[in-house]
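Subject: Handing over the two-chain model

Dear colleague,

Please read them with the structure open beside you.

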Amino acid sequence: MAELDTSGGGHKAGPGVKKPKKLSTRVDLTPMVDLGFLLITFFVFTTTMSQATAMNMNEPKDDPEQQLKVKNSGAMTILLGKGNQVYYYFGELVPETISQEFKSTSFKGIRQIIVDKKKATPIGDLMYLIKSDSTSTFNNSIDILDEMSISAVPPGHYAEVEITPVERMLIQKTEEANGIK
Amino acid sequence: MPKVKIPRKSTTVDMTAMCDVAFLLLTFFILATKQKPPEALAVKPPSSISSKAAPDESILITFTNDGKVFLLLGDETKKGAIIEDLNTTRNLGLTPQELVKLKKTEFIGLPLNQLKSALALQKEIPAAQMDGIPTDSTNNELSYWLRSVTNAYAGEDQKKLEQILLVKGDGNAKYPVFKRIKAAFKQNEIFKFRIVTNSKDIPLGSEVYKESREANK
């Protein structure tokens, strides 16, 4: 068996032999601290605080007797189409003035229009009708509901309504004219 | 004048304490961050300014980009009751063993008529390969599932049920998918549910922004 010589006093140090210097056991920890803080910063910056939130959704009851009567002067219809396009008109569509009344905008533009309408209408008459075309996305329908809360439209003053064939046709025509795919 | 000898002190500082602090913080951050549960379905929800946190335990309806609908029954206490109720109301003919097996699966994403044969398989079908729960207007099976959910929660606080009924969908999914899910809710007289979104900041200068500033004054 191999044995380690641990006695240490095997030989006396002669006059010419230098005593071995005692090495310090201290290690410089600076790089380790650097590494530690680097990792901390890395973790702090990379973790995204992605706490999922939940939005309340209230659906109306399909009760024909409780159909709300909406005043033409206070109504604004918002239509969602392909390619994140938003179309809108005020009141009711009249065949003669369709081309001027039926307007298209984007999600950026609709906010101001919603706010303007809200300011111009007595709150009792105000009603936003949201209609989604089958080509619009889930993003769009949530975004427009979000726009309602961004513009502080009180609940009960906006509703999702089924789109009519005339409106669908108008959207398609506008899309064709504007070249939206 | 006698020279004053200033003893030269070493400039090295003991780094041990600082090192301890650094790694303590590191361990804290690593342990404190909640790991996201691995998601079998890739879904990118839309964003909204809502700041209410979504509950962890929930009855979650997920729909993907291509319109497949999945159900995740997160409330373990009611999961068995819901599945058993569905078994009897829809005459699925599942044996007790199969019910137990179904209770263990995380995502439910198969048409009812495929459930029994899928449970007989050795390996579970990955969620990404499932067809999704049919939601067509003629055969809205999601509506049957929700019927069993309401049956299982009958006699309990309905406010609580409203809180945990969640819909999470991919933002790029087409609107009709969402419409059919809403139809399934409506068929069961559920008019309130919640939608899972990513939070986003309130835009500066908007009406809500002004209101919240007024309130803080």
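Predicted model: local features only at pLDDT ≥ 70, side-chain atom pairs only at ≥ 80, totals over all residues.

Helix 1 (residues 30-46) of chain A packs against helix 1 (residues 16-32) of chain B at an angle of about 25°, and their axes lie 8 Å apart; here axes are lines fitted to C-alpha atoms, for helices over the stretch in contact, and angles run from 0 to 180 degrees between N-to-C directions. Helix 1 of chain A is therefore roughly parallel to helix 1 of chain B, given that angles under 35 degrees count as roughly parallel, over 145 as roughly antiparallel, 65 to 115 as roughly perpendicular and the rest as oblique. The crossing of these two helices is left-handed (left-handed if the near helix is turned anticlockwise from the far one by less than a right angle, right-handed if clockwise). On the chain A helix, the residues that meet the partner include A:Met32, A:Gly36, A:Phe37 and A:Phe43, while those on the chain B helix include B:Met18, B:Ala22, B:Phe23 and B:Phe29.

Residues are numbered from 1 along each chain as its sequence is written, and chains are lettered from A and ligands numbered from 1 in the order in which they are written.

Taken as a whole, the contact between the chains draws 38 residues from chain A and 47 residues from chain B (two residues are in contact if their C-beta atoms, placed from the backbone, lie within 7 Å). On the side of chain A that touches chain B, helix 1 of chain A gives the most, with nine residues, and that side has 17 nonpolar, 16 polar and five charged residues.

Chain A itself holds five helices and six strands, which are DSSP runs numbered from the N terminus (helices H or I, at least four residues; strands E, at least two). Within chain A, helix 3 (residues 107-120) and helix 4 come within 10 Å of each other by their axes and cross at roughly 35°, in a right-handed crossing. Their contact has four nonpolar, no polar and three charged residues.

In chain B, helix 2 (residues 76-89) and helix 3 (residues 96-104) pack at an angle of about 130°, with their axes 10 Å apart. These two helices of chain B are therefore oblique to each other, and their crossing is right-handed.

Finally, the largest nonpolar core has 64 residues, of which A:Ile78, B:Leu166 and B:Ile181 touch the most other members. Such a core is a set of buried Ala, Val, Leu, Ile, Met, Phe, Trp, Tyr and Cys residues joined through C-beta atoms within 7 Å, and a residue is buried if 20 or more other C-beta atoms lie within 10 Å of its own, exposed if 12 or fewer, and partly exposed in between, with C-beta atoms placed from the backbone. Leaving aside its neighbours within four places in sequence, B:Ile181 is in contact with residues including B:Ile61, B:Phe63 and B:Leu142.

With best wishes

Key:
Nonpolar A, V, L, I, M, F, W, Y, C, P; charged D, E, K, R; others polar.
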